[in-house]
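Subject: Structure for you to look at

Hi,

Here is the structure I promised to pass on. Please open it alongside this message, and my notes follow below.

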Amino acid sequence: MSELVNTRLLTPGTRIVLVDGAVAEVVSNPQDGVWVFARYLSSPTDPSVVGSEEMIFAQDIADITAS
Amino acid sequence: MATAGRGYRPGLVDLDRGRISREIFVSDEIYAEEQERLFARAWLFVGHESQIPNPGDFFVSGMGEESVILCRDRAGQIHVFLNSCRHRGMKVCRYDEGNTPVFTCPYHGWSYASDGKLVGVPYFREAYHSTLDRAQWGLVEVAQLCNYKGSIWANWDKAAPSFEEYLGDFAHYLDLTVNSWDGGDGGIEILGGIQKWLIPCNWKFPAENFCGDSYHNISHRSVDLAGIGPSGSGRRDMQERIMARRLQVSLYERGHQTGIYVMPQGEPTPPAYAHSPVVSEYFRHCEEERRRRHGEWGRVIGSPGEVFPNIALHPRQPRTIAVWHPRGAHQTECWRWYFVDKAAPPEVKDFLRDYYIRYSGPGGMTEQDDMENWNYAHAASRGVIARRHPYSYEQGQGYETANYEWQGLRIPGTVMDITEAKSSEHNLRNLYRRWAEFMEAPSWDQLATWRRAGAGIVQAAE
């Protein structure tokens, strides 16, 4: 099991894996420990979101992936 | 005079007899009524635009008991929001000030953009099945907001008049605080941070003190003796007192009031700030410019005043605005903003900073005197025996003038000339006249008395 991700440390450009298997790239971080702004790179459950930018909830982030 | 134990009722403010019941200061029931009747309907000062110059900047302020966020959104628009998450009420911002793209509630994670829109809802798709109408759940925004020469004012009541109408002719006097000193468009800015502190008294004690009450000057005798003023004597430069008319001015239908000095025609404003030639020269130049720009009105020199209900103005030496936030019937949270001309040289700003903090705030020598009075006056008025005995507000009753003019200068408002009388409670009565009107009026239809013929709800005794 991967370690809990500290969202406050996520910098723009970091790629994150979400709990549903999607991968997104951090665009900006408000440093609130709850959300990051990220752009979807892939999404096995909903391909329509790929390319879009969304706020990602900290508890939906499963891991950091090598870019 | 009514006795203890009930809420507001007519007669507690008896201006015919110049008496005001202690109940209005110490009653928990009346305090609770004030929150709805006054603070939910009156225009309140929340900050200055110089505190939020950039998109995303915010400053957490207060309106009555409510915590509010003064912020500038990404598009540069200024907003004032209730600092409370729409989901369970947690404060969405617990910092005093800063810059942020979003205000995120730490409780369940709802997140709001700087324009108040709800932009982040955890498990929106999964738990809410994408059905929550986020447009309905943005931060609660004030009903009205006004940027008056950089000072930001807000109101919860959409039926309230515009801020300019709320001020009426008092705008002339507010300008003495918010205009740059030379009367031009340069503007003012906040100097340093906001001083905040708690004192154990009802908010109306400091409010009435700053209406222009000069009767309490004896309290500051020790400061005057210490000579903390910027020329080395007294606590302020007050040479104008020797030659000017000294006036108390009340706006009867608005509830605002202030003291002013009016210089004789053709007489320049006396020199000040003798401890610093640079500062002294700066203000001499500004005074000259002010006279040139404003003509006869340039003869008016500001003195402490109050925008109804709880915003104290101190236009000169030091130049500050204070808000007396109600924190229960027996406690007030004081917030004091300090101002300087934006265009003033750094040496002037530094000199003023030192002088301001020597004078005002919780560590200021003059304000300490005031706080001691308010604290003990409140404490000594709470007992069941004390409550039976009203305060006296009879000083100067019947000596006010409706159309005051001196040496060709007409003064807006109802005026009490205290040049010879030394003191009056004219302005204090005006505060409580309006306070009673707010406590009794069901809506702004009744409060906007100037829009209709006839007198206000509480008949003026003067």
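In this predicted model, chain B has an open sheet of 3 strands, ordered β1-β2-β21, with antiparallel pairing. The edges are taken by β1 (13-14) and β21 (391-392) of chain B, each of which pairs on one side only. Between β1(B) and β2 (residues 19-20) of chain B there are 2 bridges, and these two strands run antiparallel. If you want a residue pair to look for, B:Asp14 has B:Arg19 in β2(B) as its bridge partner.

Next, the domains. The assignment for chain B gives domain 1 (44-144) and domain 2 (162-451). Taken over C-alpha atoms, the centres of domain 1 and domain 2 of chain B are 33 Å apart. Contact between them involves 7 residues of domain 1 of chain B and 8 residues of domain 2 of chain B. On the domain 1 side of chain B, the touching residues divide into 1 nonpolar, 5 polar and 1 charged.

Then there is the contact between the chains. Here 9 residues of chain B are in contact with 8 residues of chain A. On the chain B side, the elements that give two or more residues are β8 (102-104) and β10 (118-120) of chain B. The chain B residues that touch chain A divide into 4 nonpolar, 5 polar and no charged.

The helix I would look at is α9 (residues 365-379) of chain B. Its 15 residues reach 22 Å from the first C-alpha to the last, close to the 21 Å expected at 1.5 Å a residue. Which residues of α9(B) are buried? They are B:Thr366, B:Glu367, B:Asp370, B:Met371, B:Trp374 and B:His378. These residues lie on the same side of α9(B) because they cover an arc of only 130° around the axis. The general rule behind such a pattern is that an α-helix has 3.6 residues a turn, so residues three or four places apart point the same way. B:Glu372 and B:Tyr376, on the other side of α9(B), are exposed. As for what the buried residues of α9(B) pack against, the partners in chain B are α1 (23-26), β14 (195-199), α5 (204-209), α6 (221-226) and α8 (346-359).

Finally, some backbone details in the loops of chain B:

- The peptide bond from B:Phe308 to B:Pro309 is cis, with omega near 5°. B:Pro309 sits in the loop between β17 (300-307) and β18 (311-314) of chain B.
- B:Gln317 and B:Pro318 are also joined by a cis peptide bond, with omega about -15°. You will find B:Pro318 in the loop between β18 and β19 (320-326) of chain B.
- B:Lys149 has a phi near 50°, a positive value in a residue other than glycine. This residue is in the loop between β11 (144-148) and β12 (151-155) of chain B. B:Lys149 counts as partly exposed because it has 16 C-beta neighbours inside 10 Å.
- For B:Gln407, phi is near 45°, a positive value in a residue other than glycine. The loop that holds B:Gln407 runs between β22 (405-406) and β23 (409-410) of chain B. With 13 other C-beta atoms within 10 Å, B:Gln407 is partly exposed.

Happy to talk any of this through.

Best wishes

Technical notes:
Residues numbered from 1 in each chain as written. Chains lettered and ligands numbered in written order. Predicted model: local features only at pLDDT ≥ 70, side-chain atom pairs only at ≥ 80, totals over all residues. Helix = DSSP H or I, 4+ residues; strand = E, 2+ residues; numbered from the N terminus. Expected span 1.5 Å × (residues − 1). Buried ≥ 20, exposed ≤ 12 C-beta atoms within 10 Å, placed from the backbone. Arc of directions from axis to C-beta. Contact = placed C-beta atoms within 7 Å. Nonpolar A, V, L, I, M, F, W, Y, C, P; charged D, E, K, R; others polar. Pairing = 2+ DSSP bridges. Domains from an automatic or database assignment.
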